[in-house]
Amino acid sequence: MIIRSELAETAAALNTAHMMCAAARTAPKTRGIDNIVTMILTDDDVKKLSQKMIELADGRESIIRDAGNVLGAKAVVMIGVKRETYGLNCGYCGHETCEECIAAKGACIFATTDMGIAIGSAVATASELKTDNRVMYSIGKIFREMDESGDEDIIWMGIPLSVSGKNPFFDRRRK
């Protein structure tokens with residue numbers, strides 16, 4: 001059996017995506033509460049995301065540029081955190097109480113910290129597996145607007161993956 005490079009590289013990217021989701025899931029949590037959510041987009045869903053990014057870019061060149069990067073990705077790993085508070089009324093979010101934070105559509109510092117830890121663990125895994133990647137807020141913003149989360153209120157970030165001779169997510173130029 002001969003496995004050509006395109007098939008092997010796609011399989012490697014998907015394997016990396018699965019390992020990244022595992023790394024995000026098992027990453028340490030600030031309060032021991034697991035509100036992390038992960039998804040993997042491939043094929044038609046990657047194309048749909050890229051098209052929606054262009055459609056909703058509203059003239060933002062950086063989102064249009066990122067849409068091109070997404071279109072060239074073998075897979076996109078989505079890492080999110082449920083927009084919930086942890087009931088401490090600590091004020092770190094800028095609101096007096098957790099209830100005020102929720103009412104203002106704010107973000108709990110502990111939830112977003114957990115998300116950052118999960119993302120860091122995931123991209124470290126990608127790096128160990130020699131898979132090019134880049135964390136992009138623009139992917140998360142547009143994905144959220146696509147309403148792929150069902151009824152849950154989730155803050156998302158996206159990480160496109162590539163296996164190629166040069167990392168396409170760096171040395172990027174705006175059009």
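**Stop 1: a helix pair**

Select helix α3, residues 61–71, and helix α6, residues 137–145; they pack at an angle of about 90 degrees, and their axes are 9 Å apart. Keep in mind that this is a predicted model. Angles from 65 to 115 degrees count as roughly perpendicular, so α3 is roughly perpendicular to α6.

Which residues make the contact? Show side chains for I63, D66 and V70 on α3. Colour the contact of α3 with α6 by class: five residues are nonpolar, one is polar and one is charged.

**Stop 2**

Now select D58. This residue sits in the loop between α2 (43–56) and α3. Check its backbone: D58 is not a glycine, yet its phi is positive, about 55 degrees. Is D58 buried or exposed? D58 has a relative accessible area of 69%, so the residue is exposed.

**Stop 3**

Move on to N89. You will find N89 in the loop between β2 (75–82) and α4 (98–103). What is the phi of N89? The angle is positive, about 50 degrees, although N89 is not a glycine. Keep the surface on. The relative accessible area of N89 is 40%. Exposed means over 50% and buried under 20%, so N89 counts as partly exposed.

**Last view**

Show D58 and N89 together. D58 is exposed, whereas N89 is partly exposed. D58 has its positive phi at about 55 degrees, and N89 has its own at about 50 degrees.

Note on methods:
Residues numbered from 1 in each chain as written. Predicted model: local features only at pLDDT ≥ 70, side-chain atom pairs only at ≥ 80, totals over all residues. Heavy atoms only, no water. Axes fitted to C-alpha atoms, helices over the stretch in contact; angles between N-to-C directions. Helix = DSSP H or I, 4+ residues; strand = E, 2+ residues; numbered from the N terminus. Parallel < 35°, antiparallel > 145°, perpendicular 65-115°, else oblique. Contact = heavy atoms within 4.5 Å. Nonpolar A, V, L, I, M, F, W, Y, C, P; charged D, E, K, R; others polar. Buried < 20%, exposed > 50% of the residue type's maximum accessible area, 1.4 Å probe, protein only.
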